[in-house]
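The following exercises are to be worked with the sequence and the coordinates side by side.

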4 protein chains.
Amino acid sequence: MTDVTPIRLGMVGGGNDAFIGGVHRIASRIDGRFRLVAGALSSTPEKARASGAALGLDPARTYDDFDAMAAREARLKDGIEAVAIVTPNNVHAAAAMAFLKRGIHVICDKPLTSTLADARKLVKAAERSNALFVLTHNYTGYPLMRQAREMVARGDLGKIRVVQVEYAQDWLTQATTGKQAAWRTDPAQSGAGGSTGDIGTHAFNLASFVTGLELESLSADLQAFVGGRQLDDNAHVMMRFVGGARGMLWCSQVAPGNENALRLRVYGDKGGIDWEQENPNQMWFTPYGEPKRLLTRGGAGSTADAARVTRIPGGHPEGYLEAFATIYNEAAEAIVAHRPGKKTPEAVVYPTISDGLKGMQFVDACVRSSARNAGWVKF
Amino acid sequence: MTDVTPIRLGMVGGGNDAFIGGVHRIASRIDGRFRLVAGALSSTPEKARASGAALGLDPARTYDDFDAMAAREARLKDGIEAVAIVTPNNVHAAAAMAFLKRGIHVICDKPLTSTLADARKLVKAAERSNALFVLTHNYTGYPLMRQAREMVARGDLGKIRVVQVEYAQDWLTQATTGKQAAWRTDPAQSGAGGSTGDIGTHAFNLASFVTGLELESLSADLQAFVGGRQLDDNAHVMMRFVGGARGMLWCSQVAPGNENALRLRVYGDKGGIDWEQENPNQMWFTPYGEPKRLLTRGGAGSTADAARVTRIPGGHPEGYLEAFATIYNEAAEAIVAHRPGKKTPEAVVYPTISDGLKGMQFVDACVRSSARNAGWVKF
Amino acid sequence: MTDVTPIRLGMVGGGNDAFIGGVHRIASRIDGRFRLVAGALSSTPEKARASGAALGLDPARTYDDFDAMAAREARLKDGIEAVAIVTPNNVHAAAAMAFLKRGIHVICDKPLTSTLADARKLVKAAERSNALFVLTHNYTGYPLMRQAREMVARGDLGKIRVVQVEYAQDWLTQATTGKQAAWRTDPAQSGAGGSTGDIGTHAFNLASFVTGLELESLSADLQAFVGGRQLDDNAHVMMRFVGGARGMLWCSQVAPGNENALRLRVYGDKGGIDWEQENPNQMWFTPYGEPKRLLTRGGAGSTADAARVTRIPGGHPEGYLEAFATIYNEAAEAIVAHRPGKKTPEAVVYPTISDGLKGMQFVDACVRSSARNAGWVKF
Amino acid sequence: MTDVTPIRLGMVGGGNDAFIGGVHRIASRIDGRFRLVAGALSSTPEKARASGAALGLDPARTYDDFDAMAAREARLKDGIEAVAIVTPNNVHAAAAMAFLKRGIHVICDKPLTSTLADARKLVKAAERSNALFVLTHNYTGYPLMRQAREMVARGDLGKIRVVQVEYAQDWLTQATTGKQAAWRTDPAQSGAGGSTGDIGTHAFNLASFVTGLELESLSADLQAFVGGRQLDDNAHVMMRFVGGARGMLWCSQVAPGNENALRLRVYGDKGGIDWEQENPNQMWFTPYGEPKRLLTRGGAGSTADAARVTRIPGGHPEGYLEAFATIYNEAAEAIVAHRPGKKTPEAVVYPTISDGLKGMQFVDACVRSSARNAGWVKF
């Protein structure tokens with residue numbers, strides 16, 4: 001029988017006015033596998049404490065910084081087993097390493113780090129650690145993306161030829177000053193990629209996840225359309241995959257009319273699929289020469305991999321938070337197996353540090369290609 | 001500052017192979033306001049215990065029946081403050097009364113009861129009790145339904161003339177034997193209404209919630225298309241509202257191609273809205289004579305009432321579970337206020353026992369009208 | 001080989017500022033089977049002549065009234081073979097009879113007449129005549145409606161249980177004074193039905209056409225929401241068909257956000273279809289228990305009846321005018337066969353005077369039922 | 001008053017089993033401005049005659065080749081005023097020149113020619129001729145594309161930054177042998193571009209038409225996925241426009257699930273639009289920071305340029321044939337003005353030979369760029 005003792009979770013970042021911290025907390029609660037018991041919720045001690053109180057954390061376990069938290073929690077008998085890292089990108093590496101070296105599992109937001117060098121260091125730290133590392137490329141948690149992956153793998157689409165992936169938003173269309181915008185457009189906190197780092201990595205990760213294709217090289221044309229912006233806010237990328245498939249990736253944060261429009265289309269010699277994140281409970285599948293079919297999460301034709309991460313019947317929409325929670329749930333499966341020293345069950349799927357490194361390489365390749373007039377860069 | 005101590009929750013029904021019990025549990029967890037600590041999860045003691053163990057409940061608080069649970073929990077210092085009732089309809093009344101008379105708040109699934117007589121008894125019991133009664137007409141928890149209600153109330157649509165509401169499913173298209181189908185098509189457990197009780201009450205409740213209209217009379221033509229079925233599986237209803245508005249309601253569980261297709265359209269002399277539950281993050285709004293606008297949850301034009309129950313930004317879809325959680329969250333707001341004896345805050349909105357009674361009256365009126373060749377029945 | 005000599009066509013009504021006259025003219029041209037050579041285009045002689053000149057008609061064949069036209073054209077060696085009648089409803093009967101009695105084929109706009117009595121007279125006149133009578137219930141010309149009919153007939157949906165048909169517009173939401181609105185809301189010109197006559201007849205005809213079901217009885221609740229309006233602008237109708245199927249029909253001209261939203265849904269025990277006129281090149285088909293399929297005009301799965309009236313490949317949208325032209329083309333097939341005295345080819349399908357009579361009976365039944373508090377009226 | 005005498009039209013190509021010839025004929029008839037009176041309908045004399053008879057052409061004006069037709073018709077008193085050229089690409093130039101040099105107006109299908117050299121020759125021939133040259137980039141005939149162009153021009157979108165245009169089909173997903181496929185995949189008849197020539201030119205033309213942007217350079221990655229295919233069947237193109245806007249163009253004929261999926265999205269600093277050809281009566285427009293609006297052809301917010309080419313009210317869908325007919329109608333406006341020697345009226349808009357040359361340059365640039373590993377090619 002499954003061990004249902006909740007996993008003791010800590011959090012780094014995610015103070016009162018953060019966006020993604022709140023998402024991680026909800027995600028950790030949905031399936032009841034985690035209990036948040038400690039936090040270093042802000043780089044400002046006062047805010048850290050206030051945020052902890054608002055969440056009902058024990059003041060003794062509300063820390064001023066992640067190092068103190070890692071050190072003390074590692075010594076507690078009922079210290080945290082896992083930590084969620086939800087800070088700006090440039091803090092990920094140091095924070096993650098503090099916990100990894102103490103054997104505390106890490107659930108880290110994406111992109112992996114702010115620099116490729118940091119990413120490589122972190123990979124090494126993870127290799128040295130016995131703890132698990134889970135990266136929240138949350139879109140891979142959508143049941144229909146699991147299904148798409150299974151359909152590609154079993155040949156429903158035939159040999160893959162063309163990948164069209166795009167991720168469009170409009171919230172940075174004009175110069176903006178909010179906290180969310182501020183750190184995301186600051187190279188010191190975000191890294192070398194703007195839209196490429198923030199959302200392009202999601203698009204690239206999802207395309208890779210579903211198709212299983214390895215990128216061979218890319219050609220990228222990056223733009224910063226808003227005056228004074230230091231990082232790209234729009235990017236056009238052509239991709240060549242190992243084995244001959246080709247793709248295009250468009251990411252933009254300056255496309256009015258798009259809230260969070262991640263879309264993936266994959267075409268093979270036997271069929272095609274088309275999925276949009278904003279309406280994630282539906283996916284088009286067309287076997288070549290037959291009528292288009294609208295597959296639904298939980299509906300007719302659901303595959304085993306999709307059913308495994310589906311909570312409620314078709315027509316009862318699951319959303320972004322459930323997909324995010326699925327990553328947490330997969331992490332829980334692995335962590336619970338790990339308690340008695342067992343391996344992660346085979347069915348469990350989550351984005352790893354290796355996916356995180358690929359994301360950083362993707363950003364790096366985009367930036368280098370664009371600097372060379374969109375010349376091809378090997379991946 | 002808000003009291004963040006989780007509310008101690010018990011559950012009646014919702015054992016291992018139930019659908020709606022799992023939904024209630026997730027809903028109770030999403031916002032972190034409840035902790036499930038006790039249960040009488042099945043009418044079969046063995047299953048009740050196994051289900052409790054699977055949920056990690058203390059065996060001492062895993063009860064064989066709801067009476068025992070109500071009696072003992074009421075005496076415990078840290079006994080449950082609220083109970084979720086998620087059994088077949090015919091058990092609701094007795095279970096709810098057991099807790100109400102002990103001052104334990106009730107969160108009850110819909111429809112209120114299986115008979116109108118039971119509903120009336122329960123209303124009296126609730127009036128005698130100091131405890132709160134929350135009915136999970138969960139579709140009223142969708143942010144855009146809150147917004148629609150606010151828009152109607154402030155006159156964006158002008159005087160309401162026409163209401164079109166429908167709720168179509170297809171899972172009972174053929175004779176079926178599953179547990180979910182079994183009790184829903186059994187008059188002894190479900191009551192006099194089939195599709196009218198199971199989903200028609202949702203449709204009626206949502207239309208009433210959004211428009212604020214009071215039903216004056218209805219004319220209903222009910223059918224049981226599947227051979228041997230004792231309860232309606234399809235219903236056509238014409239409605240007349242106080243003040244002159246008219247409406248149609250269609251509910252069906254035999255409409256192939258419909259998973260859970262609840263749709264509400266409201267038309268006034270200044271504008272119209274159109275919303276579909278299967279894609280709940282979007283709502284059409286047309287001010288008469290202007291282009292149609294696609295309003296999004298969390299997007300441009302969001303109203304205060306919608307924003308109040310919105311967790312994440314536009315384009316990051318919230319779904320059925322979040323809407324359900326909003327009912328739980330509203331219940332939490334009321335319960336926490338109630339701890340020190342305060343009133344429910346004014347902004348808090350949830351379906352009450354009075355809505356539950358109206359739902360039962362709706363089913364009763366449909367059945368009576370249909371028996372009289374769809375003659376008009378006063379409401 | 002098909003006789004490709006264009007059919008000589010006359011027109012009654014359809015002067016300069018008319019809507020439907022222009023539609024008929026385009027429809028008559030699309031497939032090149034007709035040539036407009038004569039007209040009595042307006043009840044105002046001056047306007048009739050100006051309209052004729054604008055269309056390039058021979059002034060000698062531009063008539064001041066339909067009687068003169070019928071009389072003279074019947075005597076000409078190259079007189080018109082067919083006439084299109086596109087006046088307000090109250091003129092249809094007299095005009096049609098003038099041509100029918102002279103053996104000139106009639107293509108008449110719907111509804112058939114303004115009164116049921118007129119309709120019955122016209123039916124008799126048509127029976128006495130050797131000429132053909134074609135009623136332009138144009139929506140039956142859409143390829144996917146032909147396909148739907150074929151699919152129902154061959155059993156793809158199983159036994160039909162439920163018909164949901166609606167036709168919503170918003171152009172009469174407020175009191176209005178244009179010419180199109182004026183005659184349509186005037187009982188003297190339109191007849192007893194407002195929205196029921198103008199668009200309800202289309203909806204009823206289309207539902208009948210696709211399902212092949214015969215109406216047994218109906219219950220109708222009609223409203224005139226706009227102050228001072230003499231005819232219904234919104235109607236709710238419940239229907240019982242011979243054989244046990246049931247249906248609902250909603251027609252409205254006061255539903256903001258609807259331009260010309262005719263939608264037909266049909267559900268049987270094996271499957272369901274769903275089609276919307278505003279995007280007529282797509283139709284949903286769900287075989288029960290399988291994923292929804294989006295059938296396209298000209299696409300995979302097209303049936304013979306659809307292919308027969310399809311001009312261009314899938315993805316190249318055909319629209320309202322092509323569907324209308326298909327009625328004209330069917331008329332042409334019949335007329336050309338009739339030239340040497342042959343019967344209409346079996347494959348040819350068009351709405352007949354009998355459909356027209358049923359439409360008038362539908363309006364009459366709606367009005368009578370509504371007057372009796374929506375009591376059931378036999379059909 | 002407008003001269004309503006129909007324009008005498010001839011046709012080169014378009015014999016019995018052709019696709020686009022039939023489209024041109026319907027397009028020429030819809031608005032009643034042309035009458036087809038002569039043809040050289042096939043390169044096979046027998047088929048040419050049979051095709052002429054099937055169309056009801058005078059056998060004396062059914063020619064075996066276009067040269068004979070041009071020569072004789074030019075001498076006839078009532079000879080053709082205009083000719084439609086609807087052959088495979090490689091015949092366009094010679095045919096067009098035969099008519100241009102005799103002062104007969106040319107309406108030519110796209111792409112302009114099969115080689116850039118031919119295109120340049122044809123441009124010179126057109127410059128020497130007094131006759132008009134109209135290229136049927138038919139998608140510019142859609143009312144909402146006229147509206148989009150007007151909206152961009154008047155600044156509704158602000159300064160244009162990003163253009164996303166795509167044109168996906170699936171009919172060449174597998175090796176195929178039909179006549180339509182045969183010539184389109186044969187370099188000798190089609191030219192150097194496969195999908196780029198057949199549909200990429202449409203996409204490029206439409207994007208240019210709507211935005212008014214001039215292409216500065218492009219980088220193209222072309223593929224021929226189907227074994228043995230000599231021309232590209234999929235193309236990825238990055239574009240840089242004069243003034244700083246950037247774009248992506250994807251065209252494919254191997255994307256299962258796409259019938260004729262031309263889509264144009266344009267984003268500026270004040271708003272964005274999104275339009276899909278398969279549902280051409282709707283266009284999304286989002287003013288930055290406001291709700292998305294669904295503009296409809298003929299609906300609220302229609303612009304003058306759209307209204308000018310709109311035949312019927314909103315909700316009554318116009319389609320591909322009407323858009324095509326609009327190009328014919330624009331040609332008619334110009335030709336009728338030209339009869340008495342007047343200039344083309346200012347409001348008249350149609351694709352010209354200059355657009356045709358740009359299309360050929362686009363194909364040429366794509367092919368050259370792809371041959372240089374997708375290096376940037378100046379336009």
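A nonpolar core is a set of buried Ala, Val, Leu, Ile, Met, Phe, Trp, Tyr and Cys residues joined through C-beta atoms within 7 Å. The model to which this is applied here is a predicted one.

**Exercise 1.** Identify the residues with the most contacts inside the largest nonpolar core, and list the contacts of V106(A).

*Solution.* The largest nonpolar core comprises 492 residues, and those with the most contacts inside it are V106(A), V106(B), V106(C) and V106(D). Once neighbours within four places in sequence are set aside, V106(A) is in contact with V83(A), I85(A), A96(A), F99(A), L100(A), A131(A), F133(A) and V134(A).

**Exercise 2.** Determine which rotation superposes chain A on chain D, and through which surface the copies meet.

*Solution.* Chain A is superposed on chain D by a rotation of 180 degrees with 0.0 Å of shift along the axis, the RMSD being 0.0 Å. This is therefore the relation of a two-fold axis. Among the residues of chain A, G375(A) comes closest to that rotation axis, its C-alpha lying at 3.6 Å. Because 100% of the interface residues of chain A are also interface residues in chain D, the copies meet through the same surface.

**Exercise 3.** Locate K270(D), and decide whether K270(D) is buried, partly exposed or exposed.

*Solution.* K270(D) sits in the loop between β10 (261-268) and β11 (271-276) of chain D. A residue counts as buried with 20 or more other C-beta atoms within 10 Å and as exposed with 12 or fewer; K270(D) has 18 such neighbours inside 10 Å, and so is partly exposed. Not counting residues up to four places away in sequence, K270(D) touches L157(D), G158(D), P287(D) and Y288(D). Of these, G158(D) is 112 residues from K270(D) in sequence, yet their C-alpha atoms are 4.6 Å apart in space.

Key: Residues numbered from 1 in each chain as written. Chains lettered and ligands numbered in written order. Predicted model: local features only at pLDDT ≥ 70, side-chain atom pairs only at ≥ 80, totals over all residues. Contact = placed C-beta atoms within 7 Å. Least-squares fit on C-alpha atoms with pLDDT ≥ 70 in both. Helix = DSSP H or I, 4+ residues; strand = E, 2+ residues; numbered from the N terminus.
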